[in-house]
Every structure is written in C-alpha cells, then in structure tokens.
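Hi there,

Here is the structure I promised to pass on to you. Please have a look at it first, and then read on for my notes.

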Amino acid sequence: MKVTFPHLGTMHIFCKAIAEASGIPYIVPPETSRKTLTLGVQHSNECICLPFKIILGNFIEALRMGADTIVMVGSGPPCRLGLYDLVQKVILEDMGLHYRWLTIPPRLTWQALWKNYEETKELKKELSWKNILLFPYGLRLGWKKMMACETLEKLAMRIRPREIQKGETQRRLKKALSMVDEAKTLRTLDQALERGKRLLQGTEQDVSRVPFKIAMVGELYTVMDPHINRGVEQKLGELGAEVTRSSWFSTHILRSLRRNKADQASERVRFFEASRAYLGYDVGAECNVSIGEAIVRAQEGFDGVVHLMPFACMPETTASGILTRVGKDWNIPILTLILDEQEIEGRIQTLLEAFVEMLQWKRKAG
Amino acid sequence: MEEKGRIGIPRALMFYRYFPLWKVFFEELGWNVRVSDGLDKRGNIVYLEDSCFPMKLLVTHSLVLKTQVDYLYLPRLVSLHRHHMMCPKFRGAPDIVRLATDGMVPILDDLVDLRVKGHSMRESLLKTGKRLGAKEAESKQAFQKAEAFFLNFQKRWLERINNLPIKQVFDLEAPEGVEEPEKTFRVAFIGHPYNLFDPDVSKEILTFAKSLGMRVITSETLSEREINAQLSDLSKEVYWSSGREIVGSLFHFLSGGVDGMIFLTSFKCGIDALLQELIRRKLKRSGKVSPPLLILSLDEHSGREGLMTRLEAFRDVMEERRHEFNLTYVRST
C-alpha cells in the first residue's frame, strides 16, 4: 500500500507527517507544475473548475509514480467539489490507472462512517497493529505541524511588506517550512517552529512603512494554494501590502467538526451575517462568506479586497456579481481574479501592480 | 373580476417548466401576467456577473420587465425534489436580479425547498398569494385550478413540443398545433429545460430538427423511477435534480427506444461540464453498441449555421446506422 493525497498549500507537510509517524508508506505527488495542469486539462472538460483539473493532475502523477491508494477530503452539496470523486474515479479508470479511494468525510455522520468502513475494509488488512496504534500520535503531530505552518505563514504575511530586500521573506519562509517538514517528533517540532520564527523575524525590515491592508477572499482552494493563484499572496506582499485571509486549514477543519465556538469559526458566522444585506440565502461553499468578509473588512478600515475564484465556479460567480455592488456601497476597491489554466501569471502581476497603485492614489487623495 | 395589477415573469430558467402553473395561479387571483419577449434582433444581453448564458438571460429579461409591471415573480428555487437540489446559482438568482433592477420593482421571491417541510411549491405560492393580499381560501382554490391545468399541460407535452412552433410551446393561448406528418427518426433531446426550449439559447434547434424528419422526445416523459434506475450503480449520488434527470434519461434512452440522442448544454454550466465528462467516459467504458450521441455546447456567440450543419451530419449518421444494422423503425409514441 502506498498512500497519496492532492496538493493544497502546505497540506503535503502535515499529510506526510501523519503517514510517516504512523509508519504508512506514502508518495507525495510532485509539486504542482505546468505539467500537472496539462495532465489535468487534457483529461477533463474545459468548463470544470480549476481545482478539479489540478487535483486530477496530482493524482495521475502520483499514481504513475507508484502510489495505489488515494486519500481525498470529501465534501457535500451544492458545489461541484462534492462530486469530484465520482467523476475522477471514472476518468482514472478510463485511463487505465489502478487505485483505491479513501474519502475523509466532511462531516462526521453515521452515513459517512459507514461508507468509510466499506472503503477501509480492504485496507485494514494491509495495516499492522503498529500502524493503527501509532495513528493517533501521527494525527497529533500532523495537527501541530499544520498549526506551525499557519503560524509561519501568518508571520511572513506581516513581514513581507516591510522587507528591505524583495523576496527575502519568501526565501526565509521556504526554509522555515522545510525545517517544520523535517521535524520528526513533537519535541523537535517545537524547536523547529521556534527556529523558523526567529529566522523569519531576522529579515531586515523597514518598520516605518505603513503597508496597505488587503483581504483575500474567495473560493478556498484558490485562496490557499499559491500554485493555483500564481502567488497572489506573495506578490501583494512584495508590492507593499499586508495581506489577511480567513481561509486556513484549521478554519475549515474546525468548521466541519462543528466547533463553532472557536474564534475562527465564529468569525465566519459574523461574515455570514454581514452578507445577509445582499444575499437572502446560503448559496453554498464560500459565496456568502466572501461577500460578508468584504463588507466586514471595509468596516474595519481595510484598503482593498482581492476576490479569487476559479473560472466557472458555481457559487463564487454569484459572489462576484454582488461584490461589484458591495465595492460601490462600501467604498472599498475590490479586484476579482478569475483563474484558469492559461498562462496568466504576467497578467496577474500587472493587475496587482495597478491595483496597489490605485490604492496609493486613493491614500494620497484622501 | 377587476384586474389588480401586473405580475412579470421573466422568460428564463424554470419558466420553461412551471410557467403554466404560475400563470394560471396569478390569473385566478385576478392579476395580469406579463411575460418578457425573447431577445431583440441585435441580441443585446445585459448581465451583472460572468455567469452562464441562462443566468444572463434572466437578468436581461428582468430588466425589460422592470418598468412594465408591479411585481416580478422570481421564486427562490433551492430544491424541486424531496432529496435533491437545484444548481447553487438559483439560490442567489433573486438577489442578483434585485441588484440588477436597482430595487425599482418589488420581487416576489418566496422560497421553494422541497427538502424542508413547509416550503413546497404550493406553500410557496400560497405565501406569495398572501403577500399579494389574497385570502387563503382564494389562493388555495387558485392553486387547485393551476395545478390541474399544469398536469394537463404536462400530459399534452409531447404533442405540443412536436406539433407547435417552438416559440409557441409556452404560449398557452396558442391553438393545439396540427399533427405533423410521420417522422423517420426518434431523437431524444436532453438538457436543462431552459437550454432546450429557450429559442435564444438553443437557436431553435428543435424546429430545425423537426424539419429534418426527427420526432422530438424529452426527459419530461420519463418517470422518476426510470431515471433513478439508471443512477443506482454510480459510486456517489448525484445531488442536483436536473443533473440526475440528464444522466438518468441519457442512460435510459441509450438502452433503446430512440435513433439518436442530442445533449444540449450551455457553455459554463457547471453541472453539465462535470456530468458530461462522466457520461462520455462511462459510455466509452461500457463498450456497448448504442445510438449515436451528439453533445452541443452553446452560448451567446453560437451561430445557427454551424448548428445546422452538425444536425444534418447527425441525421446522416443515424441513417447510415439504420442501413448498417438493418434496423426497422418501431412506430410508437
């Protein structure tokens, strides 16, 4: 058995940790590249959303490298994400690739547990008692690593607009993340995180700068994965903007575990409430939160909002229409970036530069 | 009865299934129902967001109506089935139209969600009736009449779609058309009703198909059981009711009864994009001999000429196939 999983931001770091700590063999798919995307595009329909294509590409590459068990987070209606596995399974079969599929249920219901039981029945035979006993430790290490990555990324978002040498923070962040990645136990992880933090804080900074405050909202996959959004977060930071986002792994995991009392989750409730003025019903996925977050950020005095969505995304299309009005009503510039498989990195750079320049004029004028 | 005012129903989306029901209901309550016309000659469309073609048409039609009516009727169709739901875009549709019309006209957007108690089409319409100032008994009576009319309309569906020009199918005053001469091919047209029966989306493909000697068959004639039977072996349940209808009816017709199938989708339709891939691959893998399938993807830029050529070629394929397999045409409706 060789387990594999799709790429999404820093997900491979903690997925790897879970597998490694519990002694399960795994294969990390090669870093998402042009080739991954091409594979995904080639084997799917033009109007299927970008995350589908990239995840499919990841799976194809991993299966060709020898993986045989796919672990994928499930999701529910009404968005297409909930049916990714249905279609991807047929595509992989049609391509002649062999795999086993394991879904992590989005919500812990009896139905989901039953389905999971069916799926894991075969797999369990290949796992030893050692694997199963070590699994809780693996989960704990994985969770800690995830939180460590998030801490480092959040720190980098704050430092980036103040760095003196462009690109320095990104270099240091990469190094810090790889230190977290290399830590094997909970104790060494704590040390790695401390070293990583110090490394990032050691970046030469100009503290007198007053960076723009920009919020990134939108479909979670495009917000969280730098390969899909072509590094919007980094680009904005290097243009002198302090970026904030509310989409993190921890947000979404806590949300699906219905731990609504946690701070991050209640923040989402606040966003949701704010969107009611424009949207009378829960459209699904991140749509309402995108709108609500833009409104709340405007109230909080942010300088701008960048809205990200994959081309032809069903829920976010509604959001993008409403966000144009939100921008006018709340006097906050909103830039919507629609992402697809085309070579758009240069275009995004230009758009972001223009956006930040506009913020500069706005600041000067008022 | 004195007329109370005008209610506008945009000629878009689920208009193409429920219009008879809605129209009779409001007329019974004493309201004049106004429907928008198709696009003008130049085909101008207005839209707020970069959505699929049918959504853009909804906004365009609503903008035409906004100065002519007292209310716009645009129910929030979350689900039209006990377990399954509509496309997420339907959920925000009334809000999008509200923004587009700048609040110039009040929108009757009562929720329809068959998964939840108290939100059936009937209850939603009764609520709307109440908002319009009708007594409950009046509304109930109106709905009864409307439902009877609607069921009758559905029974006559195949005749209507085959005998009437496509633009008059939803013109309820139109006389029942003349019986068309016997057709050589039975062709199943599959897709969302707002793609198939909207002349602006489908470029009147049905009219052209009929002139090529095809008898039109749609998934409206299938029972839910027949559709579900085709979906039971999928590894996960398709949760969009329209998607189920498409996949289920397609596989149903594949197993026989028709000479060919045409699947009409509009560009950027999320549901169709995903399911299209599923259908294609499933067909390829099943390896069975089946009637030919043509998938047409349309948007506001599609021209009629290209469509005609493809349809003619499709007829030739069906003809070839009939010769090859020496199939005899089974006469039945």
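A:Asn131 sits in helix α6 of chain A, which runs over residues 129–159. Its relative accessibility is 12%, so A:Asn131 counts as buried. Leaving aside residues up to four places away in sequence, A:Asn131 touches A:Ser22, A:Gly23 and A:Ile24. Please keep in mind, for this and everything below, that you are looking at a predicted model.

Chain A has 15 helices and 7 strands. For its 366 residues, a compact globule would have a radius of gyration near 21 Å, and the 21 Å of chain A agrees with that. Along the principal axes, the C-alpha atoms of chain A fill a box of roughly 70 × 45 × 40 Å. Buried residues make up 56% of the 366 residues in this chain. If you take the contacts in chain A with a separation of 6 or more, 73% of them are between residues 24 or more positions apart.

Chain B has 13 helices and 10 strands. Its radius of gyration is 20 Å, close to the 20 Å that the globule rule gives for 333 residues, so chain B is as compact as a globular protein of that length. The C-alpha trace of chain B spans about 65 × 45 × 40 Å along its principal axes, and 58% of the 333 residues count as buried. Among contacts in chain B between residues at least 6 apart in sequence, 73% join residues at least 24 apart.

Next, a pair of helices in chain B. Two packed helices are described by the angle between their axes and the distance between the axes. The axes of α4 (residues 121–131) and α5 (residues 136–155) of chain B come within 9 Å and cross at roughly 135°. That angle makes α4(B) oblique to α5(B), and their crossing is right-handed. On the α4(B) side, the contact is made by B:Met121, B:Arg122, B:Leu125, B:Leu126 and B:Gly129. On the α5(B) side, B:Ser139, B:Lys140 and B:Phe143 take part. Sorted by type, the residues of this contact are 4 nonpolar, 2 polar and 2 charged.

Which residues of α4(B) are buried? They are B:Met121, B:Ser124, B:Leu125, B:Leu126, B:Thr128 and B:Gly129. Their cover includes α5 of chain B, along with α1 (15–28), β3 (71–73), β5 (107–108) and β6 (111–113) of chain B. After α4(B) comes B:Gly133, with a positive phi near 85°.

Positive phi turns up at two lysines as well. Most residues other than glycine have a negative phi. B:Lys203, though, has a positive phi near 50°. You can find B:Lys203 in the loop between α8 (199–202) and α9 (205–211) of chain B, and it is buried, with a relative accessible area of 12%. B:Lys268 also has a positive phi, near 80°. Its place is the loop between β9 (260–266) and α12 (270–286) of chain B. Is B:Lys268 buried or exposed? At 7% relative accessibility, B:Lys268 counts as buried.

One more stop in chain B is B:Phe197, in the loop between α7 (193–196) and α8. With a relative accessibility of 3%, B:Phe197 counts as buried. Apart from residues up to four places away in sequence, B:Phe197 touches B:Tyr16, B:Trp157, B:Ile161, B:Phe170, B:Leu206, B:Thr218 and B:Glu220. B:Phe197 and B:Arg98 are 99 residues apart in sequence, and their C-alpha atoms are 25 Å apart in space.

Key
Residues numbered from 1 in each chain as written. Chains lettered and ligands numbered in written order. Predicted model: local features only at pLDDT ≥ 70, side-chain atom pairs only at ≥ 80, totals over all residues. Heavy atoms only, no water. Axes fitted to C-alpha atoms, helices over the stretch in contact; angles between N-to-C directions. Helix = DSSP H or I, 4+ residues; strand = E, 2+ residues; numbered from the N terminus. Parallel < 35°, antiparallel > 145°, perpendicular 65-115°, else oblique. Left-handed = near helix turned anticlockwise from the far one by under 90°. Contact = heavy atoms within 4.5 Å. Nonpolar A, V, L, I, M, F, W, Y, C, P; charged D, E, K, R; others polar. Rg over C-alpha atoms; globule rule 2.2 N^0.38 Å. Buried < 20%, exposed > 50% of the residue type's maximum accessible area, 1.4 Å probe, protein only.
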